[in-house]
Amino acid sequence: MSSQTPSSAVTASTARRVVVTGGARGIGAGVARRFAADGAQVVVADVLVEPGAALAAEIGGRFVELDLLAPDAADLLQHCVDLLGGIDVLVTSAGVLHLGTLLETDRALWDRVFAINTTGTFLAMQVAARSMIAAGTGGSIVAIASMAAKKGGGGEGAYAASKHAVVGLTRAGALEWGQHGVRVNAVCPGYVLTEMGADTRTPEDVALWSSYSPLGRLGQPEDVAGVVAFLASPDGSYLTGQALNVTGGMVMH
Ligand SMILES: NC(=O)c1ccc[n+]([C@@H]2O[C@H](COP(=O)([O-])OP(=O)(O)OC[C@H]3O[C@@H](n4cnc5c(N)ncnc54)[C@H](O)[C@@H]3O)[C@@H](O)[C@H]2O)c1
């Protein structure tokens, strides 16, 4: 058993260094707040400058403007790591939803969804894993996938495919980097009340989707953040390559 686990990398006197992509709002913001409350140094990286900078100020963290579609996205991700002098935890929450059937999805939309959700996650994982492996201290990577990666997604096929790919990346990273003490897991949220999808959300939608959960409600960012914190914690030290549902029981496989 390697001693290079996240738990050994983080001591009481050394705050964990955490980068959250898509951390300006929604689930990413919940994750950033949770890690900061737990004493971590957090870099919030997002294309949304104003809310990202405000959140960073609120939690005593730092903000980096990051557009995952930009040619220099990998350099900006490296900058996030450099600001912290290394990285112990990466959470990839940046993502976009595209609603539309496969027949309606043109090449440009398909490419955009994959560029942000899948390629963006790949770039962030690669930068973080390189740093963790070079430091020899291990680390934890948590990708925010979706229940659409588990059950498909009629009417959101590009999104579902991009999130299936995120789970594939998670498993590949777990296999390749486990020997270095780098754990890679995904969470697959159900329907979480954020700005994603809010433009088409109706009270009827909320009631219908709530009825799909045995708990009878939709998720909040904090529901996901708690599971991410657990996965990244020493309590999750024997978990890697997992895609954990956080759906209020909407998905059970
Ligand atoms: N809300 C849900 O029901 C739900 C369910 C399952 C999975 N998810 C996933 O959770 C993650 C967070 O979603 P959310 O619900 O918080 O939505 P959100 O729209 O509130 O947050 C997404 C964040 O990603 C950022 N982002 C988008 N494009 C970017 C780019 N090019 N470069 C950098 N940042 C970019 C946005 O600015 C935003 O801050 C996403 O990956 C999403 O697919 C959400």
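The largest pocket is lined by 47 residues, of which V96, L97, Y159, M196 and G197 lie nearest its centre. The model is predicted, with local features needing pLDDT of at least 70 and side-chain atom pairs counting only at pLDDT 80 or more, whereas totals for chains, interfaces and linings use all residues. Residues are numbered from 1 along each chain as its sequence is written, and side-chain values use heavy atoms, with hydrogens and water left out.

A pocket is an open set of points on a 1 Å grid over the protein atoms alone where a 1.4 Å probe fits, with protein on both sides within 12 Å along at least five of seven lines; lining residues have an atom within 4 Å of a point. The volume of the largest pocket is about 1300 Å³. Its lining divides into 22 nonpolar, 14 polar and 11 charged residues. Helix 2 gives the largest share of this lining, three residues.

The ligand takes up the space of the largest pocket. Around the ligand are 26 residues (a heavy atom within 4 Å), and I27, D46, Y159, V192 and T194 come nearest. This shell comprises 15 nonpolar, seven polar and four charged residues.

Polar contacts are pairs of N or O atoms within 3.5 Å. The side chain of D46 has an N or O atom 2.6 Å from an oxygen atom of the ligand; for the side chain of R25, the corresponding distance to a ligand oxygen atom is 2.9 Å. A nitrogen atom of the ligand lies 3.4 Å from a backbone N or O atom of L66.

How values were computed:
Polar contact = N/O pair within 3.5 Å; in protein donor to acceptor, adjacent residues only side chain to side chain. Sits in = over half its atoms within 2 Å of the grid points. Nonpolar A, V, L, I, M, F, W, Y, C, P; charged D, E, K, R; others polar. Points joined across faces, edges and corners; volume = space filled by probe spheres on them. Helix = DSSP H or I, 4+ residues; strand = E, 2+ residues; numbered from the N terminus.
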